[in-house]
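Here is a short briefing on aromatic ring pairs. Look at the structure first, then read the points below.

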Amino acid sequence: MLVGRRNDELGFAEISGGFHYYAFCAYVGDPDSNCIERFGYDSYFSIDDVDGFANAISNTLRSNHYHYSSCVYRKDKVVVGDVGNDFDFNEISARLLELASEAKFFVKPNQYSHQNEFRFIWPSASELTEPQIIKCPEAIKYCSIQ
């Protein structure tokens, strides 16, 4: 759900999208053995240089940009954005996505807050229909194995 606001006006839109983004999800904070166990992992690594890591993967994906952030946990998956005076609340258009910008990638329901997720997003030129394993040994130098 997107909410656009400008002075005393509000606009609402419910959107869904395709799968045109690669996502890499990580845990932020000190390692939590309960969370690691819940996901069925027996080891982990730390990303020491977030930008270096994201850039290395961008090069492998041939993507010219990326976004990353800690996820924000909310009761409802709603993103609120401010819009300019030229935004027409009465028109349904692709400009609705301007209400949320990159924030739309980082909102999760409260029930997942134990995950403390940090997410990387890279755009894809085509729709992704299944998980993909990306081989990027260049990213290893920005990490340390635990």
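Rings of Phe, Tyr and Trp (for Trp, its six-membered ring) count as a pair if their centres lie within 6.5 Å. In this predicted model, a search of the whole structure finds 10 aromatic pairs. Two of these pairs are described here.

**Phe24 and Phe53**
- The ring centres of Phe24 and Phe53 are 5.4 Å apart and the planes are at 55°, so the pair is tilted. Planes under 30 degrees apart would count as stacked, and over 60 as edge-to-face.
- The pair links distant parts of the chain, 29 residues apart.
- Phe24 sits in strand β3 (residues 21-27), and Phe53 in helix α2 (residues 50-61).
- Phe24 is partly exposed, at a relative accessible area of 26%.
- Phe53 is buried, at a relative accessible area of 4%.

**Tyr68 and Phe118**
- The rings of Tyr68 and Phe118 have centres 5.7 Å apart and planes at 35°, so this pair is tilted.
- Tyr68 lies in strand β5 (residues 67-70) and Phe118 in strand β9 (residues 117-123), so the pair ties together parts 50 residues apart in sequence.
- Tyr68 is partly exposed, with a relative accessible area of 32%.
- Phe118 is buried, with a relative accessible area of 15%.

**Cluster**
- Which residues do ring pairs link into a cluster? They are Phe24, Phe53, Tyr66, Tyr68, Phe118, Phe120 and Trp122.

How values were computed: Residues are numbered from 1 along each chain as its sequence is written. This is a predicted model: local features need pLDDT of at least 70, side-chain atom pairs count only at pLDDT 80 or more; totals for chains, interfaces and linings use all residues. Side-chain values use heavy atoms; hydrogens and water are left out. Helices (H or I, at least four residues) and strands (E, at least two) are DSSP runs, numbered from the N terminus. Buried means under 20% relative accessible area, exposed over 50%, partly exposed in between (1.4 Å probe, protein chains only).
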